[in-house]
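Visitor: I would like to learn how to read a protein model, one feature at a time. Where do we start?

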Amino acid sequence: MTASPPALPDALTDATVSAPPALTSGPRVAARGAIVVVVASLVLGGLTSLAQGVLPDALLPLANSASGWTLLTALVLGWAALRPVPSAVFGAVSFVCLVLGYTIVSTLRGFYYSPVMWSAVALVAGPFVGVAVSWLRDVPWKAAVGAALLGGIGLGECIYGLTMVVETTGWFYWTLIGLVALALLAVVAVRRVRAARLVATELGLACIVAAVFHLTFTALGSVSV
């Protein structure tokens with residue numbers, strides 16, 4: 001994996017930004033949501049392994065990047081429409097299942113891949129992504145923070161890709177994911193946040209997240225997996 005899959009901006013914003021009915025709750029709903037998250041994440045993780053053999057070179061990092069898996073997790077959790085606490089739990093579950101799905105299919109294809117390091121990363125990052133997705137549906141200041149986290153991840157990987165691995169991967173995907181991140185920040189700012197102070201906070205936090213992401217993945221890039 002490189003700095004170790006997203007959908008188009010409209011798909012993300014439709015799934016997570018538009019004001020939906022009440023967030024789902026209750027044990028039966030939570031159980032159904034858990035099953036959907038686990039199955040969808042395992043399948044999508046497996047598909048990212050298969051996609052590595054069919055995607056054009058310009059889009060190949062989509063199947064081999066942290067931003068891709070972050071966006072897949074966001075889409076799954078956005079569809080599930082969970083409250084913050086279960087969304088945080090299922091954020092970790094989704095990320096780990098993506099890693100396991102990728103590992104299983106890669107192994108079946110004859111490629112060894114150890115899931116240990118990225119499963120550990122998933123357990124740390126997944127809850128934050130889960131809360132961020134849930135907060136996109138909440139009051140403006142929470143929507144601003146949620147967008148900053150998700151958008152910052154996209155911007156951070158854009159910077160990482162364009163500065164660290166562009167010579168081997170090309171520039172197209174990293175530019176695309178940066179534009180997707182900016183689109184998310186803009187849509188949330190216009191449709192959910194609106195207040196100038198909160199918009200400034202959203203953009204500032206996104207820059208901080210991007211910087212932390214870049215530094216973290218630069219360090220992880222030196223770790224053999």
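**Reading the helices and their surroundings**

Guide: Start with a loop residue: P115 lies in the loop between α4 (84–108) and α5 (116–135). Helices (H or I, at least four residues) and strands (E, at least two) are DSSP runs, numbered from the N terminus. This is a predicted model, in which local features need pLDDT of at least 70, side-chain atom pairs count only at pLDDT 80 or more, and totals for chains, interfaces and linings use all residues. Residues are numbered from 1 along each chain as its sequence is written, and side-chain values use heavy atoms, with hydrogens and water left out.

Visitor: How many helices and strands are there in the protein?

Guide: The protein has 8 helices and 0 strands. In sequence order the pattern is α-α-α-α-α-α-α-α.

Visitor: Which residues is P115 in contact with, leaving aside its neighbours within four places in sequence?

Guide: Contact means heavy atoms within 4.5 Å. By that rule P115 touches V99, L100 and T103. P115 and L100 are 15 residues apart along the chain, and their C-alpha atoms are separated by 6.6 Å.

Visitor: Where does α5 bend?

Guide: A bend at a residue is the angle between axes fitted to the seven residues ending there and the seven starting there. In α5 the bend is about 35° at A125, and a proline, P127, follows within four residues.

Visitor: Which residues of α5 are buried?

Guide: Buried means under 20% relative accessible area, exposed over 50%, and partly exposed in between (1.4 Å probe, protein chains only). The buried residues of α5 include M117, W118, A122, G126 and V133. Across the protein, buried residues make up 48% of the 225 residues.

Visitor: How many salt bridges does a search of the whole structure find?

Guide: Side chains of opposite charge can pair when their charged atoms come close. A salt bridge is a side-chain nitrogen of Lys or Arg within 4 Å of a carboxyl oxygen of Asp or Glu. The search finds 1. K142 pairs with D138, with the closest N and O atoms 3.8 Å apart. D138 counts as partly exposed because its relative accessibility is 24%.
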